[in-house]
Amino acid sequence: MDFIKNPPLIVAPKNFSISATDKFLKDCEFMFTIVGKYIPGGVIQLGYIENINLVNVLILYKLMSFCGENRCILNTEIIADDPIIIQFRKYGLYPLLLSYVGNVSQVEREYKHLGVISDENFLIAPQALLRKDMYSHETIRTKYLPAIEDYYQHNKKGGLMILTCLSEILLNFWEHAVEDDRTVIVAYGTKDRIEIACADNGDGILTTLSRTYPNVKSKKDLIMSSIKKGVTSKKLTNHMGYGLWLINEITTRVGGRLHIFSEGGHIQNEYGKIKYFDSGNWSGTIIYLDLPLKSPVTISDIEGSIIKNSSQQLQINWV
């Protein structure tokens with residue numbers, strides 16, 4: 001495509017629900033092919049959005065930050081009206097958006113002012129998982145555990161389920177997103193449910209698993225294998241390949257929703273029904289998790305059912 005004659009145009013849909021994500025990712029996958037090209041006059045049109053969910057707000061932010069950090073488009077025009085601005089504010093991304101548009105160096109300072117907010121709702125404001133900050137199990141325990149325990153004290157088992165999923169998502173990104181130190185996570189919850197979204201632009205599922213399973217040639221098979229028990233990109237280590245499998249198992253048992261987008265593939269678990277879709281070639285991985293908290297399950301519940309149905313005991317390392 002001749003972007004000089006036809007400047008890049010990205011248009012977000014009116015109803016930007018999870019069902020619209022695949023098409024949007026296909027529409028903007030060209031962004032990863034113009035790194036360093038300084039294409040002039042691009043437009044990101046967000047003004048038509050009337051409804052949007054958490055993960056797509058995060059995708060928009062990651063797309064805009066990637067575009068600027070990697071010198072894809074020069075003087076990008078971002079068109080946004082009240083509905084999308086309200087959603088950026090709701091999920092804590094608005095100050096990052098403003099600081100990014102105004103001054104890239106300001107973004108680092110803005111991240112440091114974000115944290116866990118617990119009032120009538122529960123919000124883990126967008127966190128950049130910067131490796132230089134030495135995030136660890138202890139960081140999860142000290143940064144997120146107290147807030148989760150406090151807000152979900154009426155549902156301790158639900159709080160434990162949230163911490164389990166949050167830990168596994170974080171650890172999965174820390175271990176595999178080795179080329180990207182700007183992985184961003186955000187979570188939004190009420191007393192009845194929790195949403196967690198995380199996105200990066202590092203190595204995706206295809207890239208990491210193909211190194212370990214070179215004989216698996218099918219993109220679909222390789223991506224779908226990421227939610228199977230025991231599949232890991234780090235064989236011959238203490239990594240057991242239980243992270244995404246455990247999250248998927250919890251999602252199925254509580255009737256939640258799990259979506260994983262990576263390098264042209266999309267795994268969907270909607271209320272226990274698992275499907276695969278071709279998607280836009282997003283460089284990196286996006287995870288979206290939406291869990292009801294009425295009947296939570298924990299690792300012990302899953303271990304118990306496995307022990308009951310087999311003689312093998314599941315060993316999981318978490319916080």
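**Aromatic rings: exercises with solutions**

Lys 191 lies over the face of Tyr 151, at 3.9 Å from the ring centre; a charge counts as over a ring if NZ of Lys or CZ of Arg is within 6 Å of the ring centre and within 35 degrees of the ring normal. The model is predicted, with local features requiring pLDDT of at least 70, side-chain atom pairs pLDDT 80 or more, and totals for chains, interfaces and linings using all residues. Residues are numbered from 1 along each chain as its sequence is written, and side-chain values use heavy atoms, without hydrogens and water.

**Exercise 1.** State how many aromatic pairs the structure holds, and classify Phe 32 with Trp 282.

*Solution.* Rings of Phe, Tyr and Trp (its six-membered ring) pair if their centres lie within 6.5 Å; planes under 30 degrees apart are stacked, over 60 edge-to-face, and the rest tilted. The structure holds eight such pairs. For Phe 32 and Trp 282, the centres are 5.4 Å apart and the planes stand at 80°, so the pair is edge-to-face. The two residues are 250 residues apart in the chain. Both Phe 32 and Trp 282 are buried (under 20% relative accessible area, with exposed over 50% and partly exposed in between; 1.4 Å probe, protein chains only). Together with Phe 66, Phe 32 and Trp 282 form one aromatic cluster.

**Exercise 2.** Classify the pair Tyr 91 and Tyr 188, and determine whether these residues are buried or exposed.

*Solution.* The ring centres of Tyr 91 and Tyr 188 lie 5.4 Å apart with planes at 90°, so this pair is edge-to-face. Both Tyr 91 and Tyr 188 are buried.

Technical notes:
Helices (H or I, at least four residues) and strands (E, at least two) are DSSP runs, numbered from the N terminus.
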